[in-house]
Amino acid sequence: QVADRANRERSTLIKFSKRGCCCVCCARRERSFIIDGKEILVYKWRHKNARLKDHYKLKDAVYYIESRSSSQYPKWEEGYETRIRVDAKERAEDKKSS
């Protein structure tokens with residue numbers, strides 16, 4: 001199953017750090033991910049040999065579908081009208097998200 005994960009196409013995940021310097025460009029981090037069963041696997045890079053950064057259980061996560069009219073922060077990527085924000089329970093417990 002691990003070999004299967006390496007060959008799967010990865011999607012882009014953009015995260016924004018709440019700490020760091022004053023500008024948005026420094027707080028923006030791009031990662032890649034795949035959904036495997038009931039987990040989201042987050043990788044540091046997009047290539048197939050990238051290191052797994054973390055994994056989160058989706059069954060305990062809360063998600064929000066945002067549109068440009070409903071949410072302005074963080075800044076929207078060009079070419080997108082909707083996005084999904086996922087708040088994973090594990091990140092909240094580790095105080096990695098709001």
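Trainee: Is E66 buried or exposed?

Mentor: In this predicted model, E66 counts as buried, because its relative accessibility is 9% and the cut-off for buried is under 20%.

Trainee: Which side chain does E66 meet in a salt bridge?

Mentor: The side chain of E66 meets that of R83, with N to O at 2.7 Å. R83 belongs to strand β6 and E66 to strand β5, so this pair ties together parts that lie 17 residues apart in sequence.

Trainee: Why can side chains like that pair at all?

Mentor: Side chains of opposite charge can pair when their charged atoms come close.

Trainee: How many salt bridges does the structure hold?

Mentor: The structure holds four salt bridges. One of them joins E81 and R68, whose closest N and O atoms are 3.5 Å apart.

Trainee: And where do E81 and R68 lie?

Mentor: Both E81 and R68 lie in the loop between β5 and β6, so that pair ties together parts 13 residues apart in sequence. As for accessibility, E81 counts as exposed because its value is 53%, whereas R68, with a relative accessible area of 28%, is partly exposed.

Trainee: Which residues are linked in a network of salt bridges?

Mentor: The network links E66, R83, R85 and D87. Within this group, R85 forms a salt bridge with D87, and the closest N and O atoms of that pair are 3.6 Å apart. R85 is partly exposed at 35% relative accessibility, and D87 is also partly exposed, with a relative accessible area of 26%.

Trainee: Switching to nonpolar residues, which ones form a patch on the surface?

Mentor: The nonpolar patch on the surface is formed by Y63, I65, I84 and V86, which together have about 460 Å² of accessible area. The elements that give two or more residues to this patch are β5, covering 62-67, and β6, covering 82-87. To take one member, I84 has its place in strand β6 and is exposed, because its relative accessible area is 59% and the cut-off for exposed is over 50%.

Trainee: Then what makes up the largest nonpolar core?

Mentor: The largest nonpolar core has five residues in all, namely F33, I40, V42, Y56 and A88. As a general point, nonpolar side chains in soluble globular proteins tend to be buried together. If we leave aside neighbours within four places in sequence, A88 is in contact with Y56 and A61.

Trainee: What about S32, buried or exposed?

Mentor: S32 counts as buried, because its relative accessibility is 1%, and its place is in strand β2, residues 28-36. A polar atom of the S32 side chain lies 2.6 Å from the backbone oxygen of W45.

Trainee: Which residues is S32 in contact with, leaving aside its neighbours within four places in sequence?

Mentor: On that basis S32 is in contact with R10, S11, L13, L41, V42, Y43, W45 and R46.

Trainee: OK, on to D54: where does it lie, and which side chain does it join in a polar contact?

Mentor: D54 lies in strand β4, residues 52-57, and a polar contact of 3.2 Å joins its side chain to that of Y56. D54 counts as partly exposed because its relative accessibility is 24%.

Mentor: Not counting residues up to four places away in sequence, K53 touches R31, V42, Y43 and K44. K53 also lies in strand β4, and at 36% relative accessibility K53 counts as partly exposed. Between K53 and L41 there are 7.8 Å in space, C-alpha to C-alpha, and the two are twelve residues apart in sequence.

Trainee: Zooming out, how many helices and strands does the protein chain have?

Mentor: The protein chain has three helices and six strands, and from the N terminus on the elements run α-β-α-β-β-β-β-β-α. Of its 98 residues, 19% count as buried.

Trainee: What does the accessible surface of the protein chain come to?

Mentor: The accessible surface comes to about 7,700 Å², and 51% of that belongs to carbon and sulfur atoms.

Notes:
Residues numbered from 1 in each chain as written. Predicted model: local features only at pLDDT ≥ 70, side-chain atom pairs only at ≥ 80, totals over all residues. Heavy atoms only, no water. Helix = DSSP H or I, 4+ residues; strand = E, 2+ residues; numbered from the N terminus. Buried < 20%, exposed > 50% of the residue type's maximum accessible area, 1.4 Å probe, protein only. Polar contact = N/O pair within 3.5 Å; in protein donor to acceptor, adjacent residues only side chain to side chain. Patch = residues over 30% accessible without salt bridge, like charges linked within 9 Å, V, L, I, M, F, W, Y side chains within 5 Å. Areas by Shrake-Rupley, 256 points an atom, 1.4 Å probe, with all protein chains shown as cover. Contact = heavy atoms within 4.5 Å. Core = buried A, V, L, I, M, F, W, Y, C linked by side-chain atoms within 4.5 Å.
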